[in-house]
Amino acid sequence: GTLVTLAALVVFTKLGPRIAAAWQLGRVAKGIMVGTVTTLGTWAVTLPVGAVALRWGRRYQLEKQDYVTWVLAQWPSLVSQVVGLTIALTILLLLAGRFGKRWWLVAAPLFTVLGAVLVLALPYVESIGTRQPHQTAVYERIRQLAREEGVGSTPIRIETMSDETRSANAYTTGIGPSARVFIWDTFFDGRFTNREIELVAAHEFGH
């Protein structure tokens with residue numbers, strides 16, 4: 001998948017001037033169109049790789065989604081990528097037009113601040129649709145581990161994934177007050193011991 005993505009980016013780099021010339025638009029609008037076409041094209045050529053991964057997951061009874069549902073589930077991510085890219089390219093191209101070759105002196109701190117804001121804010125959005133863990137013995141042990149690691153105030157959210165997959169996963173996101181640990185509900189379907197779940201939680205607290 002990574003190799004296919006890199007190859008697609010190389011091709012679109014070569015095609016960039018032709019794509020821009022095909023649109024009778026201003027400089028900023030042309031840049032946005034090149035970025036949009038590149039994003040959509042890269043997504044399209046890597047889609048078969050994801051389909052193969054889904055096929056293997058279904059073969060080994062890890063994935064529950066059918067192919068149509070899986071394809072439809074890609075759209076929110078794709079739309080968010082295009083919207084985010086459009087905003088970023090608009091800002092960058094306006095800065096390039098205003099500051100010329102020194103555009104990066106303004107863009108670097110600006111996007112550093114924007115990135116920090118996103119890292120701070122996105123975990124609150126990602127928490128929508130998740131739930132707090134039930135008050136069980138394993139949860140109390142996890143809270144104890146958090147205190148031992150010096151991150152006792154870090155929230156834990158349970159993310160419902162069991163309707164899509166049997167795979168188990170967990171991740172940490174956020175910074176400062178928004179930092180939190182997400183654990184997939186597939187960890188609690190009886191396949192994993194309490195000690196295994198505690199190990200995963202401790203690893204995430206380490207992040």
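Is R195 buried or exposed? R195 is exposed, with a relative accessible area of 63%, where buried means under 20% relative accessible area, exposed means over 50%, and partly exposed lies in between (1.4 Å probe, protein chains only).

The structure is a predicted model, in which local features need pLDDT of at least 70 and side-chain atom pairs count only at pLDDT 80 or more, while totals for chains, interfaces and linings use all residues. Residues are numbered from 1 along each chain as its sequence is written, and side-chain values use heavy atoms, with hydrogens and water left out.

Side chains of opposite charge can pair when their charged atoms come close. A salt bridge is taken here as a side-chain nitrogen of Lys or Arg within 4 Å of a carboxyl oxygen of Asp or Glu, and by this rule the count comes to four salt bridges. R195 takes part in one of them, with E198, where the closest N and O atoms are 3.6 Å apart. Because R195 and E198 stand three residues apart in helix α6, about one helical turn separates them; helices (H or I, at least four residues) are DSSP runs, numbered from the N terminus.

E198 is buried, at 10% relative accessible area, and its side chain also meets that of R141 in a salt bridge (3.7 Å, N to O). This pair links distant parts of the chain, since R141 lies in helix α5 (residues 137-148) and E198 in helix α6 (residues 194-206), 57 residues apart.

R141, which is partly exposed at 24% relative accessibility, forms a further salt bridge with E148 (3.8 Å, N to O), and E148 is exposed at 53%. Taken together, R141, E148, R195 and E198 are linked in a network of salt bridges.

Key:
Helix = DSSP H or I, 4+ residues; strand = E, 2+ residues; numbered from the N terminus.
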